[in-house]
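Please look over the model below before reading on.

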Amino acid sequence: MAIGLVLAWAAPAAARGPGLRVGNLVIHPTVLAGFAYDTNFFYESESEVDARGNPAVVNDAALIKAGLGLQLANRTPNKVGISFDSSIDFRNAVSVGENADGAVADRVVEERNGVDRVVAGLNLAILPRSVVTLELDEKLKFSDRPAFDSSVNGFRRIDNSVGPDLRFRPGDNPDSRAFEMRLGYRFLTTNYADAAKAGLTRYERQAHDMRFLTEWRFLPKTTALADFHYTINDFQDDGVSRDRDSTPFRAELGLRGLVTKRVSVELLAGFLNTFNADGESYGGVVGTAQVQYVLEPSFDVALRYEHDAKGAGYSNFVILDKVSARATLNFLERFELEAKAAYGLYDYATDGAPTGAEKRTDPIVIVGTSFAYNLRDWLQAKASWLLETNQSDYEAPPPVDEAGNPLAPGTFAVDLAEYSRQVFLVQVSVTY
């Protein structure tokens with residue numbers, strides 16, 4: 001099973017109108033429509049073969065895209081602050097390229113049509129400007145990534161995070177408080193639709209994340225921080241894999257803010273131990289370093305490096321080293337050009353991996369660019385291009401017979417993690 005890279009590729013800042021006023025609330029609705037061309041709709045590898053030894057054929061697809069969104073916030077959050085942001089994206093395959101056996105089955109395409117992605121976030125702050133504030137936070141994300149063309153299941157993933165934060169910020173003036181302490185809790189879940197049929201049971205989990213954060217602004221725009229996390233991960237037992245539960249503890253110290261009027265930095269460094277219940281645990285340094293240059297309102301460029309580790313559904317943990325860069329150029333008031341690039345090396349632990357699996361490392365490259373034109377304050381046209389490749393040499397272990405012995409080569413489909421795809425998108429969006 002190919003494992004895709006999950007990265008947030010922020011689109012150019014969309015044009016936004018004045019919104020709808022309902023009492024103390026400001027509502028911004030969004031509607032968008034577009035057309036996309038995907039060179040590898042099912043994330044296939046050209047090196048794969050099916051159970052009959054036929055080479056895989058990479059299927060391209062032409063797609064109609066549509067979406068709705070809603071942003072809501074109250075203008076004067078004195079006693080209660082409300083912030084809500086949501087979007088839902090749809091897709092419909094106009095055409096899908098033929099595979100080795102002819103046209104892709106209609107039922108496979110039909111299962112991929114419909115909802116592509118849903119994102120919703122709600123933050124409710126009680127006494128947001130007082131010394132003590134209670135916040136309730138909810139974040140939901142649904143995504144449907146097409147599976148290979150012989151399956152109707154796909155990878156329908158639902159991630160949810162919900163919990164409170166208690167914030168303490170001493171001082172009479174809420175706009176100039178220099179010190180904050182925050183104690184938070186999140187209940188996290190990851191689930192897949194038809195997980196058993198799609199072979200994704202091992203990737204499901206429930207988690208309890210507890211956080212203690214201290215921030216001190218010792219200069220007008222520079223903040224020092226200390227951040228501590230303790231998490232209890234409970235991964236679903238698929239009846240075959242070793243126990244991949246863990247109780248990671250993370251402690252980080254950092255600094256973020258301006259170095260000069262135009263240059264800012266973010267520096268985080270600390271220690272993480274994943275404390276896995278069975279087998280190897282990760283224990284070592286983690287950190288983030290970013291430098292950003294901003295020439296308002298025309299130019300913004302940033303370079304970032306991350307070294308991290310986290311629990312993984314595939315095995316006990318994955319170690320990540322990622323370098324990324326982005327640049328945004330605004331010109332003639334209404335035009336925006338953006339470019340991004342990232343290289344991530346995902347090194348998975350062997351302990352907890354599927355039986356028979358060898359060492360797995362996924363080098364993933366993403367390059368993208370977009371061009372946006374804000375015709376009005378509320379109307380935007382955008383064209384974008386994205387290249388995504390996974391250069392892994394990982395091959396899923398062969399299935400076994402009733403006696404538990406691996407099947408002979410040539411009697412089962414070869415499933416590789418590698419893939420390469422490009423996505424071209426043209427869309428128009430209205431945000432009032």
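Is Asp137 buried or exposed? With a relative accessibility of 10%, Asp137 counts as buried, where buried means under 20% relative accessible area, exposed over 50% and partly exposed in between, computed with a 1.4 Å probe and protein chains only. This is a predicted model, in which local features need pLDDT of at least 70 and side-chain atom pairs count only at pLDDT 80 or more, while totals for chains, interfaces and linings use all residues. Residues are numbered from 1 along each chain as its sequence is written, and side-chain values use heavy atoms, with hydrogens and water left out.

1. The side chains of Asp137 and Arg186 form a salt bridge at 3.9 Å, N to O, the term being used for a side-chain nitrogen of Lys or Arg within 4 Å of a carboxyl oxygen of Asp or Glu. Asp137 belongs to strand β6 and Arg186 to strand β8 (residues 179–192), so the pair ties together parts that are 49 residues apart in sequence; strands (E, at least two residues) and helices (H or I, at least four) are DSSP runs numbered from the N terminus. Arg186, at 15% relative accessibility, also counts as buried.

2. The structure holds 27 salt bridges.

3. Another salt bridge joins the side chains of Arg112 and Asp144 (3.3 Å, N to O). This pair links distant parts of the chain, with Arg112 in helix α1 (residues 106–112) and Asp144 in strand β6, 32 residues apart, and both Arg112 and Asp144 are buried.

4. A nonpolar surface patch of about 720 Å² includes Ile126, Val132, Leu166 and Phe212 among its residues; patch residues have over 30% relative accessible area and no salt bridge, with like charges joined within 9 Å and nonpolar side chains (Val, Leu, Ile, Met, Phe, Trp, Tyr) within 5 Å, and areas come from the Shrake-Rupley method with a 1.4 Å probe, only the protein chains shown counting as cover for residues. The largest share, 3 residues, comes from β6.

5. The second largest cavity is lined by residues including Tyr314, Tyr348, Glu358 and Arg360, a cavity being a set of points, on a 1 Å grid over the protein atoms alone, where a 1.4 Å probe fits but cannot get out, and lining residues having an atom within 4 Å of a point.

Technical notes: 1 Å grid on protein atoms, 1.4 Å probe; cavity = no way out; pocket = protein on both sides within 12 Å on 5 of 7 lines; lining within 4 Å.
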